[in-house]
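Here is a short briefing to read alongside the sequence and the 3D view. Take a look at the display below, and then we can walk through a few spots together.

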Amino acid sequence: MVRANWQAGMTGTPWSGLAMEHLPVMREEALEYLQCRPGGTYVDATLGLGGHAWAILERIQPGGLLIGLDRDKESLEKARVHLQPFSDITRLLHENFKNLPLVLNNLGNRLVDGILVDLGISSFQLLEPERGFSFQSDAMLDMRMDRSQRLTAADLVNDLSEERLAEILFRYGEERFSRRIAAAIVRAREHARIARCTQLAEIVSGALRGRRPHLIHPATRTFQALRIAVNQELEGLEEFFINTVSYLRPGGRLVVISFHSLEDRIVKRSFRMLSGRCVCERTPELCTCPRREEALPVTSRPVTPGDAELDMNPRARSAKLRALERV
Ligand SMILES: C[S@@+](CC[C@H](N)C(=O)[O-])C[C@H]1O[C@@H](n2cnc3c(N)ncnc32)[C@H](O)[C@@H]1O
């Protein structure tokens, strides 16, 4: 793996206050691979609190434009306040990035110079107790990124069949004790609705007592799985990468930061397909892959955070950055 250098801490920047809520992961590396230039049009598809966006905006003046999307209204509004100094060159929208083609068509900007996708949730979302993402919080089991959506994690935990729960834990959490945990959840909900994060964390810990070495909290994988399921994070992700590249100008770049192997596998597969390679693993005679070279990878292996960044931000430890360039 390529280890990158961490540069420029966050203290002393105009947004060091927001850095307390979320430190942008591999900020310098993302900028390097995006190759931001004055006058260019860039998309931050996962705006969060605007940490990466701020750094992009500093580099695209004069004449540049940043289109920022987030499906979380609260994060978007925080970013809007924070990016106020650049308000004349930003368009910020409460949108799922899977609607990016529609957004670009509506803005009359068919082709852009770069797109950044920093997947997952921010520290702000994770640590805000009432959002219900953390097994350490006593909040309602919520986990919705977009709070206008109805389905919550509590709905899944209380309403799904034992088989479906086990399937979700196995598929999205890669949890080898998925059946045991699903059975414990179903037993517990017979007595009372499972409403709070700590309640679920205790049920999972009880189900795994003595079975998992304490490297991570026993409920880590269960919480990851439910979050991915509630927000349908992986559905349509491959199609999004494939479709989105046609909105890049030749030479424009797509930069993706992922945080777990399920996301990274999709990024890798999409990048392979976009560079005209086979992904179906059939023999050449039976292969139906499009084999059209639309873009070329600019990172042969994933870029990972350097030690200095990991010291400052342990949350970055699982991050992988991959980039490709439109031909
Ligand atoms: C890791 S954070 C991004 C942090 C951001 N780069 C920064 O520097 O502050 C990921 C953000 O993407 C948003 N998000 C996740 N999936 C999304 C989707 N499909 N569409 C739009 N936003 C999404 C989350 O709500 C969250 O705010």
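How many Å separate an oxygen atom of the ligand from an N or O atom in the side chain of Gln 125? The answer is 2.9 Å. Please keep in mind that this is a predicted model.

**Around the ligand**

- Phe 97 has a backbone N or O atom 2.8 Å from a nitrogen atom of the ligand.
- Gly 51 places a backbone N or O atom 3.3 Å from an oxygen atom of the ligand.

**Helices α8 and α9**

- Helix α8 covers residues 162-173 and helix α9 covers residues 178-189; they pack at about 135 degrees, with axes 8 Å apart.
- That angle makes α8 oblique to α9, and their crossing is right-handed.
- On the α8 side, the contact residues are Glu 162, Leu 165, Ala 166, Leu 169 and Phe 170; their partners in α9 include Arg 179, Ile 181, Ile 185 and Arg 189.
- By class, the contact of α8 with α9 has nine nonpolar, one polar and three charged residues.

**Helices α10 and α11**

- Helix α10 (residues 197-207) packs with helix α11 (residues 220-231) at an angle of about 130 degrees, and the axes are 9 Å apart.
- α10 is therefore oblique to α11, with a right-handed crossing.
- Cys 197, Leu 200, Ala 201 and Val 204 of α10 meet Thr 222, Phe 223 and Leu 226 of α11.
- This contact of α10 with α11 divides into six nonpolar residues, one polar residue and no charged ones.

Key
Residues numbered from 1 in each chain as written. Predicted model: local features only at pLDDT ≥ 70, side-chain atom pairs only at ≥ 80, totals over all residues. Heavy atoms only, no water. Axes fitted to C-alpha atoms, helices over the stretch in contact; angles between N-to-C directions. Helix = DSSP H or I, 4+ residues; strand = E, 2+ residues; numbered from the N terminus. Parallel < 35°, antiparallel > 145°, perpendicular 65-115°, else oblique. Left-handed = near helix turned anticlockwise from the far one by under 90°. Contact = heavy atoms within 4.5 Å. Nonpolar A, V, L, I, M, F, W, Y, C, P; charged D, E, K, R; others polar. Polar contact = N/O pair within 3.5 Å; in protein donor to acceptor, adjacent residues only side chain to side chain.
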